[in-house]
Amino acid sequence: MKVAICVGHNAKYQGAISESGVTEYIFNSAIANLLCYHFRDTDYKVKQFHRPPIKSYRKQIKALAKEVNKFNPDVAIELHFNAGNSKARGHEVLYLGSSEIGLKYAKKLDDIFNSLLPNKDRGVKPIYKGGRGYRFLSEIYSPTLIAEPFFAGNLGFINENFGNILNSYIKFIQTFK
Ligand SMILES: [Zn+2]
């Protein structure tokens with residue numbers, strides 16, 4: 001069982017900034033490191049991938065997809081969080097609109113977020129050409145997901161739920177045998 005953990009954004013263009021000052025890239029790099037550590041010496045091959053620190057999304061994904069496709073995982077998850085104001089709460093999982101297996105996996109991860117995060121369920125969202133994250137979802141040949149477990153403008157959510165967010169991904173990976 002092979003899982004690609006893809007950290008959203010990159011070291012130079014780090015994505016949304018949370019209320020506590022932590023960027024998407026820094027936060028999700030920490031999650032990716034801990035996931036790889038958690039599954040070391042198991043039958044799960046969990047590997048993290050980072051995009052090159054360049055501006056073009058198209059080129060970032062092209063480089064990333066080349067590496068991930070070489071690894072040929074059973075599933076590839078891109079880690080993000082939502083920006084948004086301090087009142088926003090909720091998680092969502094994006095998948096490639098044409099992929100039935102993507103939908104199945106997205107529901108699985110969304111259910112786990114539901115059970116572990118004190119959040120509103122914004123549900124699973126199909127992405128089609130031109131939509132948010134479409135290139136990531138479509139240029140990797142394996143089933144792909146984009147995870148948005150929370151809104152970063154919500155003060156305290158990261159501190160209170162870091163373990164729950166990490167455990168959501170661990171639980172999701174463990175559903176694969
Ligand atoms: Zn993002």
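This is a predicted model: local features need pLDDT of at least 70, side-chain atom pairs count only at pLDDT 80 or more; totals for chains, interfaces and linings use all residues.
Residues are numbered from 1 along each chain as its sequence is written.

Colleague: What span should the 15 residues of helix α2 have?

Modeller: Helices (H or I, at least four residues) and strands (E, at least two) are DSSP runs, numbered from the N terminus. The expected span of a helix is 1.5 Å times one less than its number of residues. Helix α2 covers residues 57-71, and its end C-alpha atoms agree with that expectation, so the span should be 21 Å.

Colleague: Which residues of α2 are buried?

Modeller: A residue is buried if 20 or more other C-beta atoms lie within 10 Å of its own, exposed if 12 or fewer, and partly exposed in between, with C-beta atoms placed from the backbone. By that count, the buried residues of α2 are Gln 60, Ile 61, Leu 64, Ala 65 and Val 68.

Colleague: Why do the buried residues of α2 line one face of the helix?

Modeller: The arc is that of the directions from the helix axis to the C-beta atoms. On the other side of α2, Arg 58, Lys 59, Lys 66 and Lys 70 are exposed. The buried residues of α2 line one face because, seen down the axis, they fall within an arc of 125°.

Colleague: What covers the buried residues of α2?

Modeller: Two residues are in contact if their C-beta atoms, placed from the backbone, lie within 7 Å. The cover of the buried residues of α2 includes β1 (2-7), β2 (45-50), β3 (75-79) and α4 (134-139).

Colleague: Is Asn 72 buried or exposed?

Modeller: Asn 72 sits in the loop between α2 and β3. Its phi is near 55°, a positive value in a residue other than glycine. Most residues other than glycine have a negative phi. With 12 C-beta neighbours inside 10 Å, Asn 72 counts as exposed.

Colleague: And Asp 41: where is its place?

Modeller: Asp 41 also has a phi near 55°, positive in a residue other than glycine. With 5 C-beta neighbours inside 10 Å, Asp 41 counts as exposed. Its place is in the loop between α1 and β2.

Colleague: How are α1 and α5 oriented to each other?

Modeller: Axes are lines fitted to C-alpha atoms, for helices over the stretch in contact, and angles run from 0 to 180 degrees between N-to-C directions. The axes of α1 (residues 24-38) and α5 (residues 157-174) come within 10 Å and cross at roughly 45°. Angles under 35 degrees count as roughly parallel, over 145 as roughly antiparallel, 65 to 115 as roughly perpendicular and the rest as oblique. The two helices, α1 and α5, are therefore oblique.

Colleague: Which handedness has the crossing of α3 and α5?

Modeller: Helix α3 (residues 100-116) packs on α5 at an angle of about 145°, with the axes 9 Å apart. A crossing is left-handed if the near helix is turned anticlockwise from the far one by less than a right angle, and right-handed if clockwise. The crossing of α3 and α5 is right-handed.
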